[in-house]
Amino acid sequence: MPVIAIVLALSAAVAHAAWNVVAHNVSRAGVPFLWWGALASTVIWIGVIPFTGGLGTDDLAGFALGVAVSSVLHVLYMSVLQRGYQAGDLSTVYATARGSGPFLSVIIAMLLLGERPSAVALVGVALVIAGVVAVGIVGRTASAGARRGLDPAVLFGLLTGVMIATYTIWDAHAVREWSLSPVAFMVGTTLAQLPFYSVGVRRRWDAVLDLGRREWRRILAFGILSPLSYILVLQAITIAPVALIAPLREVSVVLVSLFGAFVLRESRPAWRVAASVVVVAGIVLLAF
């Protein structure tokens, strides 16, 4: 895999981890935060479009279709994820989603996009996914594991993973097929999400305004870093297989976990470090 693709994917992971660290508390506000996030992302990045190749294409119909489908998929992803957090254990949802999402992305990329990673690369993918899942289950409680029947956290985690794989494959297809500029595509997607979130907060505008007054700094950080992380991913998939980029972007999970272990003093730091070593081993194999 080209070195620049690895750098882009890992930089995206750092940006994603950074916004999670900065805005992890305010992001729990749900739809009001998502509304502000979409607005901030659009306003901040729309001015960058003229300096990054414009739309990247003259095919306006292709651009509009790519953006429309992607925005719906991202809204569905966030809806399923939020529903999962309400129904089950957070760590279980997170681990299942972040493990199954890249795994499904790899399978779909091979079946639909015709990608053929080498055996060594696939081993690297497996190690990255295994490390991400290990990090995710660190905080799982014993009571969650003792639950009888199908754990709703697992169900919604898998559904979230399906949505992650779906929007990843679609976005890769759209950017490649219509030669779209990653910045313009990202801005179009966040702008198109605003009407959906506006419906979600239609009777909660007081809460939206209050959140904006209290947390504008963190919303601003999200508006810069969250789109940046995905713009870097979109750029990476224009020069490297989705089957390799999708797992690499999940390194952000490890970075956030290490931050929690060493800065926030969360539990089981040795386990987190061990899982991180597994992920690093996978990255090394991907690089070769």
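Visitor: Which helix gives the largest share of the lining of the second largest pocket?

Guide: This is a predicted model. In it, α3 supplies five residues of that lining, the largest share. The elements giving two or more residues to it are α2 (31-46), α3 (60-87) and α8 (182-200).

Visitor: How do you know which residues belong to the lining of the second largest pocket?

Guide: A lining residue has an atom within 4 Å of a pocket point. The residues lining the second largest pocket are Gly 30, Val 31, Leu 34, Val 75, Met 78, Ser 79, Gln 82, Gln 86, Phe 196, Tyr 197 and Gly 200. The space in this pocket comes to about 170 Å³.

Visitor: What classes of residue make up the lining of the second largest pocket?

Guide: Six are nonpolar, five are polar and none is charged. Gly counts as polar here, and Tyr as nonpolar.

Visitor: What makes a space a cavity, and how many of 30 Å³ or more are there?

Guide: In a cavity, a 1.4 Å probe fits but cannot get out. By that rule there is one cavity of 30 Å³ or more. The largest cavity holds about 70 Å³ of space. Its lining takes two or more residues from each of α1 (3-23) and α10.

Visitor: Which residues line the largest cavity?

Guide: Ala 12, Ala 13, His 16, Arg 98, Ser 229, Tyr 230, Val 233, Arg 249, Glu 250 and Ser 252 line the largest cavity. By class, that is four nonpolar, three polar and three charged residues.

Visitor: Why is Ser 229 called buried?

Guide: Buried means under 20% relative accessible area. Ser 229 has 6%, so Ser 229 is buried. This residue is in helix α10 (residues 216-236). Beyond its neighbours within four places in sequence, Ser 229 contacts Ala 12, Ala 15 and His 16.

Visitor: What makes a set of residues a nonpolar core, and which members touch the most others in the largest one?

Guide: Members are buried residues of listed nonpolar types, joined through side-chain atoms within 4.5 Å. The largest core has 80 residues, and Phe 33 and Ile 245 touch the most other members. Helix α7 (residues 152-177) gives the most to this core, with nine residues.

Visitor: What does Ile 245 contact beyond its neighbours within four places in sequence?

Guide: Contact needs heavy atoms within 4.5 Å. On that test, Ile 245 is in contact with Met 1, Ala 5, Ala 9, Val 233, Ala 236, Ile 237 and Ala 240.

Visitor: How many helices and strands are there in the protein?

Guide: The count is 13 helices and zero strands.

Visitor: What share of contacts joins residues at least 24 apart in sequence?

Guide: Take the contacts between residues at least 6 apart in sequence: 88% of them join residues at least 24 apart.

Conventions. Residues are numbered from 1 along each chain as its sequence is written. Side-chain values use heavy atoms; hydrogens and water are left out. Buried means under 20% relative accessible area, exposed over 50%, partly exposed in between (1.4 Å probe, protein chains only). Helices (H or I, at least four residues) and strands (E, at least two) are DSSP runs, numbered from the N terminus. On a 1 Å grid over the protein atoms alone, a cavity is a set of points where a 1.4 Å probe fits but cannot get out, and a pocket is an open set with protein on both sides within 12 Å along at least five of seven lines; lining residues have an atom within 4 Å of a point. Grid points are joined across faces, edges and corners, and a volume is the space filled by probe spheres set on the points.
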